[in-house]
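Reader: I am new to this structure and would like a close look at a single part of it. Please take one residue, describe its surroundings, and then go on to what lies beyond.

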Amino acid sequence: MWIAVIIPALVACARSSTASAGMRDDARLHRGGNIPVGTLYLDAKTDKEGVTIYDDKGYRIAGSSFLNLKVAKMSSFPGGELGLPRSIRASWLKGPFSSDSNGRWTGGTIVGDHTAPVAERIPAEVIDYLRTKGGSLRLKIRLVDTGVLIGWDIETRIVGQAQANGKVPSAIRYVLAGGDFCERQVYAGQVVEPGWEHPPTSINNMIRKENS
């Protein structure tokens, strides 16, 4: 019997270079140029409560009662087969709030509400890699007090040779990481990759007005 064994992730956290605007048009002009999103990673620089994330179509893609750098969420990207969203909208609350029957937050006061572009930021080399070499695009979102940071990478799997005991080792490797940040990697309770953060000088987020 063959048993797959997952070994620690090998992470390539080098920032992706930016390609020409013409090569990126297919990702920019519509939802992802047929490039599906496999995974959504979500964390926050400081404690954030009552978090909700929507895509540009108003579809709720994530929510969390509490987030920070240690408490992060990673899940399949809802509607990811439709491709990259043009943008995402993130909001978070302060004060007493609860969840209704649909899993949405009620009560509390909105203290953060920001929109950030997504599809137009993905470099052509990332799209080309997915089309020619495969893998799964991972969209990463980090909430900060002044806006939203966007990152990305490609999740690939390396399968090793079968061992004498019949086990087939494999590893998850993240390549072409880019954007505003790369999360730290933790294995067996130890930080094995510190990650990085390179927020833009002026975060390109639109702060929503209270009644928008």
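Author: Serine 64 is buried, because its relative accessible area is 8% and the cut-off for buried is under 20%. The model is a predicted one. Serine 64 belongs to strand S4, which covers residues 60-67. A polar atom of the serine 64 side chain lies 2.9 Å from the backbone oxygen of phenylalanine 66. Apart from neighbours within four places in sequence, the residues in contact with serine 64 are Glu49, Gly50, Val51, Lys73 and Trp105.

Isoleucine 150, when residues up to four places away in sequence are not counted, touches Ile88, Ala116, Pro117, Val118, Arg121, Leu139, Lys140, Ile141, Gly179, Asp180 and Phe181.

A further residue to look at is leucine 176, placed in strand S10 (residues 167-179). Leucine 176 counts as partly exposed, because its relative accessibility is 22% and partly exposed begins where buried, under 20%, ends. The phi of leucine 176 is near 55°, a positive value in a residue that is not glycine. Most residues other than glycine have a negative phi.

Notes:
Residues are numbered from 1 along each chain as its sequence is written. This is a predicted model: local features need pLDDT of at least 70, side-chain atom pairs count only at pLDDT 80 or more; totals for chains, interfaces and linings use all residues. Side-chain values use heavy atoms; hydrogens and water are left out. Helices (H or I, at least four residues) and strands (E, at least two) are DSSP runs, numbered from the N terminus. Buried means under 20% relative accessible area, exposed over 50%, partly exposed in between (1.4 Å probe, protein chains only). A polar contact is a pair of N or O atoms within 3.5 Å; within protein, one must be able to donate a hydrogen and the other to accept it, and residues adjacent in sequence count only if both atoms are side-chain atoms. Contact means heavy atoms within 4.5 Å.
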